[in-house]
Amino acid sequence: HGYASMPTLRPCAIAMLCKKALENGIEVEYVRHYIKKHGLQPPTSSVECQNWPWPIKIYTLGHFRIVKAGEPLNFEGQDPSKNQSKAQGKPLLLLKALIALGARDVNETQIIDALWPDAEGDAGHQVFRVTLHRLRHMLGHEKAIIMRDNSLTLDTSCCWVDVWALEQFFSQPPATHTASLVGKALEIYQGHFLGDDNDYAWALALRERLRSKFLRYLEQTGKHNEDTGQWEKAIDSYRKGLEIDPLAEILYQRLMLCYQRQGRCSEALSVYQRCHTVFSTVLGITPSSHIEAARRAVISR
């Protein structure tokens, strides 16, 4: 009916109801409009709710992009001049480094060392402040990046970051990994962290940690599905994990075991053959003794 106010409910209660509605696809457009109209703050630990009308959404997994007020921020090709592209490059790099270094209470010195290692003293401080000003201007939200005690923090009430949402999924126990939740996690993990930026050493630690955590998340989900007899779901988890990392040997092993227990031995041997081909081509080695043992078990059956 388009009600514009609910005076009997506290804002925090309304925000939680809005979050539940968005998660379940209930009157999404009305809810998003209501949130914007009343300036509702997202409930605590709501980063997994992508449909909340966040002022700024930052995607770092796979192709880097920023969505501002529901519209993609075009920082490439908007102006054909090279000067604008260069002017935008450093502020965006500052944002990437801030997220890579934790996005919360990241000391100014850490960022200067990462982005301007040759700058000394006041020169480093000055270029940092100028770049931060440009980044805030680009995002259009002065409070999106909080500066306190010479440390930067991305404001969680203003910004949504895909890394934060993914970490929220990782924190949940395997028993809660329903197909819909796993689907949401896969939807978020579009590729490795800053996959287009392979030249920056400061991005490697978070990239590897997220990759390992996501593979472990899919492995735990698969094992839980195995324990409950949901073989197809387990197979699906392992196969999706191998799409992300074709060198994840444990996933080959679990996938072969699933096929074997279902009597699908030819498919299990196909998995082994794929593993053997990938390892010999990419690494120049043969699969481990665990994979070979799984192969012999399939043949014996």
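Guide: The questions below take up the helix contacts, a salt bridge and the sheets of this predicted model.

Visitor: Why are α8 and α9 called roughly antiparallel?

Guide: Helix α8 (residues 204-227) and helix α9 (residues 231-244) pack at an angle of about 165°, with their axes 7 Å apart. Angles over 145 degrees count as roughly antiparallel, and α8 and α9 are therefore assigned to that class. The crossing of α8 past α9 is left-handed.

Visitor: Which residues of α8 and α9 meet, and what classes do they belong to?

Guide: On the α8 side the residues include Phe214, Leu215 and Leu218, and on the α9 side they include Trp231, Ala234 and Ile244. Charged residues also take part, among them Glu219 and Lys223 in α8 and Lys233 and Lys240 in α9. The residues of this contact divide into seven nonpolar, five polar and five charged.

Visitor: What makes α4 roughly perpendicular to α5?

Guide: The axes of helix α4 (residues 108-115) and helix α5 (residues 122-139) cross at roughly 95° and come within 10 Å. The range for roughly perpendicular is 65 to 115 degrees, so α4 is roughly perpendicular to α5. In this contact, Glu108, Ile111 and Ile112 of α4 meet Gly124, His125, Phe128 and Arg129 of α5. By class there are three nonpolar, two polar and two charged residues.

Visitor: How do you know that arginine 129 and glutamate 108 form a salt bridge?

Guide: The closest N and O atoms of the pair are 3.9 Å apart. The cut-off is within 4 Å, so the pair qualifies as a salt bridge. By this rule the count comes to 12 salt bridges.

Visitor: What makes this pair a link between distant parts of the chain?

Guide: Arginine 129 lies in helix α5 and glutamate 108 in helix α4, 21 residues apart.

Visitor: Why are β3 and β7 called edge strands?

Guide: The open sheet of four strands has the order β3-β2-β1-β7, with mixed pairing. Strands β3 (71-72) and β7 (159-161) each pair on one side only, and are the edge strands.

Visitor: Where do positive phi values occur in the hairpins?

Guide: Glycine 62, in the turn between β1 and β2, has a positive phi of about 95°. In the hairpin of β2 and β3, alanine 69 takes a positive phi near 55°.

Visitor: What is the order of the open sheet of three strands, and which helix lies across β5 and β6?

Guide: The order is β4-β6-β5, with antiparallel pairing. Strands β5 and β6 (residues 151-154) pair over four bridges, and isoleucine 146 has threonine 153 in β6 as its bridge partner. Helix α5 lies across β5 and β6, running at about 150° to β5.

Technical notes. Residues numbered from 1 in each chain as written. Predicted model: local features only at pLDDT ≥ 70, side-chain atom pairs only at ≥ 80, totals over all residues. Heavy atoms only, no water. Pairing = 2+ DSSP bridges. Helix = DSSP H or I, 4+ residues; strand = E, 2+ residues; numbered from the N terminus. Axes fitted to C-alpha atoms, helices over the stretch in contact; angles between N-to-C directions. Parallel < 35°, antiparallel > 145°, perpendicular 65-115°, else oblique. Left-handed = near helix turned anticlockwise from the far one by under 90°. Contact = heavy atoms within 4.5 Å. Salt bridge = Lys/Arg side-chain N within 4 Å of Asp/Glu carboxyl O.
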